Amino acid sequence: MTTGKISPAGAGRRHHLGSTEIVYLALVGILLVAGVLVAVRGGTLFAQQNVSYMLTQTSLLGFVAIGQTLVVLCRSLDLSVGYVVALCSLIGATTMAGDPSRVWLGVVAALAVAAGVGLVNGLIIAALRVNPFIATLGMGLIVKGFLDTRFKGPEGEVPLAFQTFGYTRIGPVPVSTIVMLLVAAAVFVLLTRTRPGYHMFAVGGNLDVARLSGVRTGRIIVLAHVLCSLCAGVAGLLIAARFGTGNALVYSYGLDLDSIAAVVLGGTLLFGGRGSVVGTVGGVAILAVLDTAFNVLDVNPFFKDVLRGVIIIAAVALYARRQLDPASRRARFTTGGGDAA
Amino acid sequence: MHLLLDIYQKIPRLVDMRADDDAHAPSPDPVLRLRGVGKEFFGTSVLREIDLTLYPGQVHALVGENGAGKSTLMKVIAGVHRPETGTVELDGAPVTFPTPLDAQRAGVATVFQEFNLLPDRSVAENVYLGREPLRRGTVDRRRLHADTTRLLDDLGLTGITPWTRVGSLSVAQQQVVEIVKAVSYDARIISMDEPTAALADQEVALLYELVRRLRDRGVAILYVSHRLQEIYDLADTITVLKDGNHMLTAPAAEVSPDRLVRTMVGRDFAGFFPDRPADVVPGEVRLALQGSGNTMVDGIDLEVRAGEIVALAGLQGSGRTEIAHGVFGIAPFTRGRMTVDGQPVQVRTPRQGVRHRLALVTEDRKSEGLALGQSVLANARLVLDAVLPRASDRRSRAVPGVLTSLDVAASTVATARDAEVQYLSGGNQQKVVLAKWLVTEPRVIVLDEPTRGIDVGAKRAVYDLMRTLTADGAAVLLISSELPEVVAMADRILVVRDGRIAGELPGGSSDEAVMALATGVA
């Protein structure tokens, strides 16, 4: 009888599914289940309008969640994104004011304001050492207060030229989704091929290790927050393009918590240091598929939230089990007795 | 007499690294020199007038009890602390390191006990963190891996690949990665704080090999350790600190082990381990396992009798700790039979373990043994409050007495209500862990590496306690990587290998016999 020799190299040799692979398997699983359920009701989930709706859903949340991924990787958090989206939709729409020649001005103004909010968030967290939860919650309240006093409803007007960003499709694929995927690709390159990206993993993994290795940790945190807010700004512009105006009430969409849910569904560790933007896009897609399926199946909206909650918790519980139970991965004997190897 | 000394003379040098001694005659120019260094914390001076000179190509051992000031001195060299008095000279020129990073860039690297690695990143990403090679603005992954491979090859390290995730490496390999990272900064001085504290013997060989290679490359190594054998295996020069004072610096060959220990402890070393009580007949069986197993261990048969100390020896990762975890319900056994005082029991959680009057002193006291931010008293009451709340007020009155009997300073006992355990020395922290379990009056107490990282005085207190416990009829299951401790303290030694009991030896067996069983070379 051979004893299973445990060597560190051997422990990792067997291939285990990475988080990202699980996310996409789950996505395929959910697509299949939803497709069958819809088919049983006599519809088809993959009809052009459903697919378009699904993809449209992914782009809005996608922008916000891609940005959120960066801050969560740094062991931070941004609860102000929902308000930044609303603010930027208004700034974009009011600056454009229906004049096609002012489109670029509106885009630049909205993104500049977004970057400013992110900069302040980052500085409060990195320099004043305020807990990110509190810092961005506070920033969110400040922006909300400003929105509630300054804007009394939809304002501004987006020229038709820019509304194409909201409506144009190539086949069933909205342009906004393509732009979102391009942003995701850019962030992927940032995280896997550049120093600031590497350092975001380090800052989130262990701040002291990063600092002692010469990483300028403050700058990295600020950078992550600026990029996160910029992504929220793009989402705000997308809203403006779709509605034709800016609207303060967008902050009630729950994009802040949804984006965190998508990030976590995508396998990024809420404690930072591990994760990927590819996973986040998968997480966003899962939420969009659920949303579409619930709509097509005409599920009661309140029950819809219950289901979403259950699925998010179940997914994270699944990851937690995988992370908390390393012993089961290097088991030497099976539970029934005898050798595992 | 001189029991420990005897043991050290008996042990054949497991890894003899000093074959060609004459090849490294001390070079005349010191690379680092401390003169009259002193350091105070809140008005208490912890280092006084320390002189220390490091030469390239030499291993300089820094020894002393816990609290002697070794760690503080290392941190002064590393740029973590700034000394109040004295000077630090690098290549003859006075320097100050405002931050650890400045020290690192000047070629002074430190490998601390807590790992400074990112477990979720690869070896290469860890080694070159903050200095990733770039090509046209992006990280040049090919060069990153090539550079790391070259470093690893240079140091003769096989079995570690640049893209391995650090978290999947063994503790020893992670230690190696830390040292590789230090080397990658072209460090000319590497200080290591108890590098073998968490390693098993076969892993220590890997570290020895690396230290020797670095020495041969002309690196000056400052080596802090509690293990005398290592010091004699590796060091060219020994410096002893005691209570913040510089006691001795001399070539290793000129300091005998008993003189070394005398200088460290300030007392004679004879009878370091308490004598075995004469003709004690073990009582009834307290703990018995028959064919116990789970995913990590299998077919475990063992008996521990009242008044008996049974040791589980074996290499790191052999399954010793897993047996303890099975007994105590942390990772319960899924097979076999377990009895406590003859009664069949099923322990599925630690809580049930406590209810059966079992106790487990875990190997990692900081993360598993103590609530670091809480007071000594709160820690000592932890188990009582959680599991036996009705008895806790009454029984916790015994805490000050237990602490005193464990030789904790009266001032600490007096402030037990307020003093947070994180500010105690390692030895005193361990005593608080022991007190926490003693007040539950356990019938079986499992001690997992009870003397790891604590000073000689505290070790003796732990050994005395083991004898007291057995005299009172408790059964002790001792897990230890320190062979002298196992051989001198245990009545019987069970050797664990690959998750099974490989054999049993009587107490007082030779270290070679234990090692042979543990490694399976016999």
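Just after helix α21 of chain B, Gly520(B) takes a positive phi of about 75°; helices here are DSSP runs (H or I) of at least four residues and strands are runs (E) of at least two, numbered from the N terminus. The model is predicted, so local features need pLDDT of at least 70 and side-chain atom pairs count only at pLDDT 80 or more, whereas totals for chains, interfaces and linings use all residues. Residues are numbered from 1 along each chain as its sequence is written, and chains are lettered from A and ligands numbered from 1 in the order in which they are written.

Within α21(B), which spans residues 511-519, Val514(B), Met515(B), Leu517(B) and Ala518(B) are buried, that is, 20 or more other C-beta atoms lie within 10 Å of the C-beta atom of each, as placed from the backbone. These residues lie on the same side of α21(B), because they cover an arc of only 165° around the axis, the arc being that of the directions from the helix axis to the C-beta atoms.

In strand β6 of chain B (residues 108-111), Val108(B) and Thr110(B) point one way while Ala109(B) and Val111(B) point the other way, and all are buried. In a regular strand the side chains alternate between the two faces of the sheet. Strand β6(B) pairs in the parallel sense with strand β9 of chain B (residues 189-193) over 4 bridges, where pairing requires that DSSP finds at least two bridges between the strands. Within this pair, Val111(B) stands opposite Met192(B) of β9(B).

How values were computed:
A residue is buried if 20 or more other C-beta atoms lie within 10 Å of its own, exposed if 12 or fewer, and partly exposed in between; C-beta atoms are placed from the backbone.
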